[in-house]
Structure formats: structure tokens, C-alpha cells
Amino acid sequence: MSAVGAEGLAGGYRAGTDALWDVSFSAGPGEVVAVLAPNGGGKSTLLRALLGELPYRRGTVELAGAAAYVPQTERARLDFPLGALDVALMGAYARTPWYRRLARADRAAAAAALERVGLAERAGERFGALSGGQRQRVLIARALVQDAPVLLLDEPLSGVDAASAESIEALFGELRAEGRTLLVATHDVCQARAWDQVLCLNGGQVAYGPPAQALSSEVLQRTYGAELVLLGEGGAAVSVSHHGHAH
Amino acid sequence: MRAAALSAVLDAFSAPYMQRALVEVALLAVLAGTLGTWIVLRRLAFFTHSIGTAAFPGLVVAGPWGIAPQLGALGAALGFAAARERLARSGRSDPDVATGLLLVAALALGAVLASDVYPSGAGVDRLLFGTLIGLTPGDLALTAAATAAVLVVDAAGRRSWLATGFDAGSAPALGVRSAAADRFLLLAVAAAVVVALDAVGALLVVVVLVVPAATVRLLANDLRALRLGTAGLALAEGVAAIWLADGLDLGPGPVLGVLGGAVFALVALLRGARG
């Protein structure tokens with residue numbers, strides 16, 4: 001049974017100009033899927049297409065219930081007068097009618113979600129005053145409050161501190177054990193090897209499957225092109241030159 | 001000594017026109033606390049100012065055409081908002097540029113109408129800067145009705161406005177209908193501007209709907225404090241402006257403008273000095 005998948009998915013932000021094409025994959029409950037792509041390779045576009053927010057979309061999308069979306073932290077307004085708990089509580093908006101106050105149970109769920117990402121003691125702190133890694137964890141807590149079977153995460157491990165990365169990866173393990181499906185856009189090829197499936201994109205789909213099969217040097221070359229640097233014998237290790245970083 | 005000063009202040013507010021001004025200021029303070037916060041957080045200050053200015057030609061023609069000034073103002077403001085939306089959506093001009101062009105056009109049209117078509121004389125001052133001490137019970141009733149409507153719209157749209165303002169890209173995934181909620185926000189701002197026109201005029205609506213919220217925004221770190229602080233500051237500035245204007249025989253609107261600007265500057269300076 002598929003928790004999230006697509007068949008012949010294509011589309012973009014303007015009519016007649018596809019940013020994504022020929023994407024077909026299927027992930028079951030409890031699987032973590034790494035979405036690897038170069039800059040502009042379609043990672044964020046795929047997540048938007050799965051959420052039904054891409055202005056022009058063809059093909060089919062399969063989702064087991066609503067998906068929770070974890071955006072990159074830099075898209076949020078850091079000057080907003082919102083605490084970490086306020087942001088986590090946004091996860092309860094969809095289930096709260098406009099004429100009702102947020103339920104006490106939802107407040108408890110938001111506090112529990114912050115505790116789960118290791119930020120219970122920062123609940124009252126302003127979102128914009130937290131570190132990048134902590135902000136990312138708050139956004140993950142918000143997704144936890146949504147209690148969705150599928151989580152779509154847009155580069156949750158990019159630029160976060162070591163403590164946050166460790167906390168986030170441990171949480172991924174817990175969510176997988178709960179039977180939730182995670183689609184994680186990432187630049188980190190080494191990290192992708194530790195997960196269940198890998199979807200390689202470069203506009204179109206390059207490969208999809210378990211890391212051992214999908215992450216061949218040929219696939220990586222087609223995915224990253226000139227950004228890719230192969231290291232070691234047989235290209236066992238890779239480095240992706242990107243924004244001046246290497247992974 | 002203190003009792004005499006208090007008595008002098010209370011005496012100043014004993015006349016019915018001063019009491020009506022007080023009620024209007026209290027209602028506008030609620031609007032400032034509710035909508036002003038969103039105007040500042042959602043960066044709608046220029047839109048708010050432009051709606052006020054766009055209403056000017058509507059106010060000018062209302063008298064000669066025999067319609068309520070608020071109706072003329074609302075018609076002009078909605079026409080302005082529709083034209084701005086169309087220009088911005090066409091992609092041919094930046095929304096702020098479209099706002100600026102239409103704002104100048106509205107002000108010029110109003111000036112021509114007031115000076116050459118429907119000579120208004122000193123009435124133009126009243127249209128541009130308001131007359132807080134010349135309000136009728138009907139004006140107060142309209143402001144009260146608009147305030148009640150805005151409170152309902154705020155209760156309905158608050159979460160959407162917050163999520164969209166915080167991160168518009170991820171708001172739909174939270175179940176928020178950003179476009180519809182934002183349209184209601186703009187309509188609520190337009191309604192608030194129209195009912196504030198009598199009191200502060202076409203050019204000074206920002207003094208009530210933007211300046212207090214912008215001032216408190218320099219200090220407040222949470223939404224509740226921002227809303228309550230803005231309402232409190234708008235009320236205090238309004239009462240002080242009425243009292244000062246009455247004592248100095250000046251227009252309350254301009255006095256409120258100077259007072260609001262001075263308080264903002266003072267708070268900004270103190271905050272800057274504190275680092």
C-alpha cells in the first residue's frame with residue numbers, strides 16, 4: 001500500500017514551462033525517502049506538487065490523508081511577534097473552526113511536540129530569536145501537531161547545528177517506527193544512503209529505489225552534473241559542490 | 001492643586017461635542033488595536049494611507065451629489081482598490097508603483113473637483129484633516145457598527161492572517177485559505193479607513209490606524225501585548241489630542257498627527273539608545 005506516490009507527475013509555475021517532469025514513485029508507510037537534486041532541480045517543486053499547490057500540474061498524486069509540510073526556515077518572517085509555542089500551535093489551525101478557540105488538547109499537543117524536538121524550555125521564546133537549527137525543530141514540531149501520516153520536509157538538515165541535526169535524525173527514526181512516511185529533500189548524499197529510498201531528480205526523474213541500487217556514480221553524475229565531485233576508489237564517496245559547501 | 005487640574009480637564013470634556021469626540025476616539029482605539037496590528041505586521045501601511053487618500057474625491061462629490069460622505073468615500077476607495085488590484089495583477093507594474101500612481105491621481109482628482117467643479121472652500125481642510133470635535137451621533141453609530149464588524153472579521157481571519165504573514169508559502173499546507181482571508185483583511189481596512197475619515201480626514205487616517213501600532217511594535221514581542229498596547233496608546237493619544245486641540249484652539253486631527261509622530265520618534269530614540 002502506498003502512503004505517498006506519483007505517476008507521470010509533471011508541472012511548473014508557468015503554463016508551458018515544466019520545472020518537473022516524468023516523476024513516478026511510490027513509498028509505503030514507515031519509509032523515509034531522500035529527494036536528491038541539484039539547485040533548481042525540482043526538490044521544492046515536487047513537494048509543492050504533492051501538496052497540490054503547483055499552479056500547473058499533470059499526472060497523478062497519491063497521498064494517504066493530508067500531508068504536513070516543513071518548509072525551509074528562511075522563508076518565515078523572523079520579525080513576527082510569535083513564540084515557539086505559537087508557531088507549533090499553527091499545526092492545529094486546520095482542525096479548528098474559525099469561530100472556536102484553539103482547544104486545550106491542541107495546546108497540550110503543541111507543548112508535547114516541542115518537548116519531543118527538545119525545545120520544551122524554549123516554548124515561550126520568540127521564534128526569530130532562536131538559532132537556525134532550533135527554528136527548524138519548531139517547524140517540525142508544528143508538523144507533528146498536524147499529526148499527518150505523511151511529512152514533506154524541505155531541506156530540514158541544511159545549515160542546522162550538530163545538536164539540532166542529531167535531534168532531527170533521531171526524530172526521523174521515531175516517526176518511521178510510528179509508520180509515518182517522510183519525504184526529505186536533502187543535499188546530503190551520505191545521509192541519503194542511510195534511508196529507505198532515494199528519489200534522484202534533475203528536473204526529470206533520474207532514479208528511484210533503495211540507496212544501494214539507486215545511488216550509482218552514473219545516477220549521481222546525471223543528477224548533479226558539474227556540481228558532483230567523485231572521491232575515493234570507484235566513486236564510493238561523493239562531494240556535491242553547492243553554495244560553497246561540500247557534503 | 002491636583003484637584004483643580006483634574007477639574008479643569010474634566011470640565012474640558014463636559015461639552016457634548018467633546019464627549020462624542022471621546023467616544024469616537026475610544027472606538028477608533030479598538031480599530032487601531034485590532035486592525036492596526038495587522039496593518040503593521042502585514043506591511044499594509046502604504047495601502048492604508050492610499051485608501052484614505054483615494055477616498056478624497058468621493059468625499060468631495062458626496063455633498064453636491066446628495067449622498068452620505070461615507071458612501072462616497074467607500075465608493076472611491078473600492079474603485080481605487082479594484083484598479084490597484086487590476087494593475088498589480090497585470091504584471092505591468094509593481095504593486096507599490098501602482099498604489100503610488102493611483103494615490104497621486106486620486107489626490108489630484110479630489111483637488112480639481114474641490115477647487116474647480118464643486119467649490120468647497122474651507123471644507124477641503126475638513127475633508128483632508130477631519131473634524132474630531134464636529135461629529136454627529138450618526139457618525140458614532142457608523143464607527144461603532146464598523147468596529148463590531150471588524151471584531152467579527154478579526155476573530156474569523158486572525159489565524160489565517162497570522163499564518164500567511166508568518167510564511168505565505170507554507171500557509172496552505174496548514175489548511176489556511178490565504179487569498180480569501182486576505183481579501184477580507186483589505187476590505188476590513190477599507191471599512192476602518194472610511195469610518196475614520198470624519199474624525200481624522202483623508203490624509204491622517206494612518207495617524208490612527210498605523211502610527212500607534214508601529215510605535216508599540218518597537219517594544220512588544222507578542223501579539224497580545226501588541227494589540228492591547230496599540231489600543232491603549234491610540235486611546236491615550238486621542239484623548240490628549242482632543243484636550244490639547246480644545247485648549248490651544250487647533251484642529252484635533254493635526255494635533256493627533258504631531259503627537260503620534262512625536263511619541264513614535266521618542267520611543268524609537270529611546271529604544272535605539274538602549275541598543
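**Figure 1. Contact between chain A and chain B in the predicted model.** Chain A contributes 17 residues to this contact, and chain B contributes 19 residues. On the side of chain A that touches chain B, 12 residues are nonpolar, 1 is polar and 4 are charged.

**Figure 2. Packing of helix 2 of chain B with helix 11 of chain B.** Helix 2 spans residues 16-41 and helix 11 spans residues 223-248; their axes come within 8 Å and cross at roughly 150°. Because angles over 145 degrees count as roughly antiparallel, helix 2 of chain B and helix 11 of chain B are assigned to that class. The crossing is right-handed. In this contact, 16 residues are nonpolar, 6 polar and 2 charged.

**Figure 3. Packing of helix 3 of chain B with helix 5 of chain B.** The axes of helix 3 (residues 45-65) and helix 5 (residues 95-117) come within 8 Å, with a crossing angle of roughly 25°. The two helices are therefore roughly parallel, and their crossing is left-handed. Residues of helix 3 in the contact include Phe46(B), Phe47(B), Phe56(B) and Pro57(B), while those of helix 5 include Asp96(B), Leu102(B), Leu103(B) and Gly110(B). The contact comprises 14 nonpolar, 4 polar and 1 charged residues.

**Figure 4. The largest nonpolar core and the surroundings of Ala192(B).** This core has 160 residues, and those with the most contacts inside it are Ala55(B), Ala77(B), Ala192(B), Val193(B) and Leu209(B). Helix 8 of chain B (residues 178-200) gives the most to the core, with 14 residues. Apart from neighbours within four places in sequence, Ala192(B) is in contact with Leu31(B), Leu35(B), Ala146(B), Val150(B) and Leu209(B).

Note on methods. Residues are numbered from 1 along each chain as its sequence is written. Chains are lettered from A and ligands numbered from 1 in the order in which they are written. This is a predicted model: local features need pLDDT of at least 70, side-chain atom pairs count only at pLDDT 80 or more; totals for chains, interfaces and linings use all residues. Two residues are in contact if their C-beta atoms, placed from the backbone, lie within 7 Å. Ala, Val, Leu, Ile, Met, Phe, Trp, Tyr, Cys and Pro count as nonpolar, Asp, Glu, Lys and Arg as charged, and the others, Gly among them, as polar. Axes are lines fitted to C-alpha atoms, for helices over the stretch in contact, and angles run from 0 to 180 degrees between N-to-C directions. Helices (H or I, at least four residues) and strands (E, at least two) are DSSP runs, numbered from the N terminus. Angles under 35 degrees count as roughly parallel, over 145 as roughly antiparallel, 65 to 115 as roughly perpendicular and the rest as oblique. A crossing is left-handed if the near helix is turned anticlockwise from the far one by less than a right angle, and right-handed if clockwise. A nonpolar core is a set of buried Ala, Val, Leu, Ile, Met, Phe, Trp, Tyr and Cys residues joined through C-beta atoms within 7 Å. A residue is buried if 20 or more other C-beta atoms lie within 10 Å of its own, exposed if 12 or fewer, and partly exposed in between; C-beta atoms are placed from the backbone.
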